[in-house]
Amino acid sequence: MSSHDESRFAARIYGARLERAAELAREAHLDALLITPGPDLRYLIGSRAQSFERLTCLVIPASGETPSVVIPKLELASLKDSAAGELGLQVVDWVDGVDPYRIVKSILNAGARTAVDDAMPALHLLPIADHLGALPISATPVLRELRMLKDDSEIDALRRAGAAIDRVHARMGEWLRPGRTEAEVAADIAAAIIEEGHTAAAFVIVGSGPHGADPHHEVSQRVIEPDDVVVIDIGGPVEPGYYSDSTRTYVLGEPEEEIADQIALLERAQAAAVAAAKPGVTAESVDAAARDVLAAAGLGEYFVHRTGHGIGLSVHEEPYIVAGNDLVLEPGMAFSIEPGIYFPGQWGARIEDIVVVTADGCESMNKRPHGLTRL
């Protein structure tokens, strides 16, 4: 990453990604990849262009020829901070009244075997298919081979994101106390997420008391009460756009013995999954490591979601740590490990770290204590 600009990586990194994308497209017997604004475009050239009704599309020929960016003239500024100029990409701008889909066709051939990213809206996909005379397929099988395996620059970004969200959790005692509403606490947390180095607060979950039993509860006007168990799940992007995501469980007072014991079991389950995450094992085996601890203690039915999700330029991406996923883990894969237990109408708890698979195990991006934190 250049010293003067943390918004993206060095151009050579994007150049290598484009070369690898073309290589993988050839192996998939494709003629080209078509990428519209979204995480994939940001991954490939560092562009933060947004998707509108006017087509912006990166065309990556599988042949290895120089990629092209088809873009509205009025959106050219969106390429300024990308690596497109340094990489010497062909920039083909167009103005209203010109058919951009015909431009894409001119770069390719009629009937070209193309694949598109998941973010491409139907309003662009269908005209492209009509002009090429063939419906593109999903580029996900190609792109996930790239995005799942983080390089050293990406892992460093995830470390910085993890440290930043840890600093927010370390300050939880400043805001989380009886008599305040979840919404009031969430507003303070959101401000701290930015203060501690994120560019935005992507999500803030403050699940107090019975709300903690809803894994995707966000916030409400519920007043937090003494002895509440509170689930805090927070995260956001740190430049150049890589996400943090960490959950800890707090109690405002002294927990009942049964609750303390159950959360201690949850801590064991999370630690078991972290210990299981290493090269050569399957994603589902990491899920099973956490699930088996809870099931053996009679808590299996209260663990109602997968153990983890991949993370990077998106909060949720591959690999998914879930039963039935026989993907073999490799060094560089980054994902959450976040088992939880949820008792409807009563309380819930979750413990979450982001980990990156290493040569002989995994490295956690989060260093805060894992057990029930008393405030």
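A disulfide here is a pair of cysteine sulfur atoms within 2.5 Å, and this structure holds zero of them. The model is predicted, so local features need pLDDT of at least 70 and side-chain atom pairs count only at pLDDT 80 or more, while totals for chains, interfaces and linings use all residues. Residues are numbered from 1 along each chain as its sequence is written, and side-chain values use heavy atoms, with hydrogens and water left out.

**Cysteines**
- C57 sits at a relative accessible area of 0% and is buried (under 20% relative accessible area; exposed is over 50%, partly exposed in between, with a 1.4 Å probe and protein chains only).
- C362 comes out as partly exposed, at 23% relative accessibility.

**Around H131**
- Look for H131 in helix α5, residues 122-132 (helices are DSSP runs of H or I, at least four residues, and strands are runs of E, at least two, numbered from the N terminus).
- H131 counts as buried, at 16% relative accessibility.
- Leaving aside residues up to four places away in sequence, H131 touches D99, Y101, R102 and K105 (contact means heavy atoms within 4.5 Å).

**Around Y242**
- Y242 belongs to strand β10, residues 242-243, and is buried at a relative accessible area of 1%.
- Its contacts, again skipping residues up to four places away in sequence, include F9, R17, Y43, E154 and G312.
- Y242 and L18 are 224 residues apart along the chain, with 19 Å between their C-alpha atoms.
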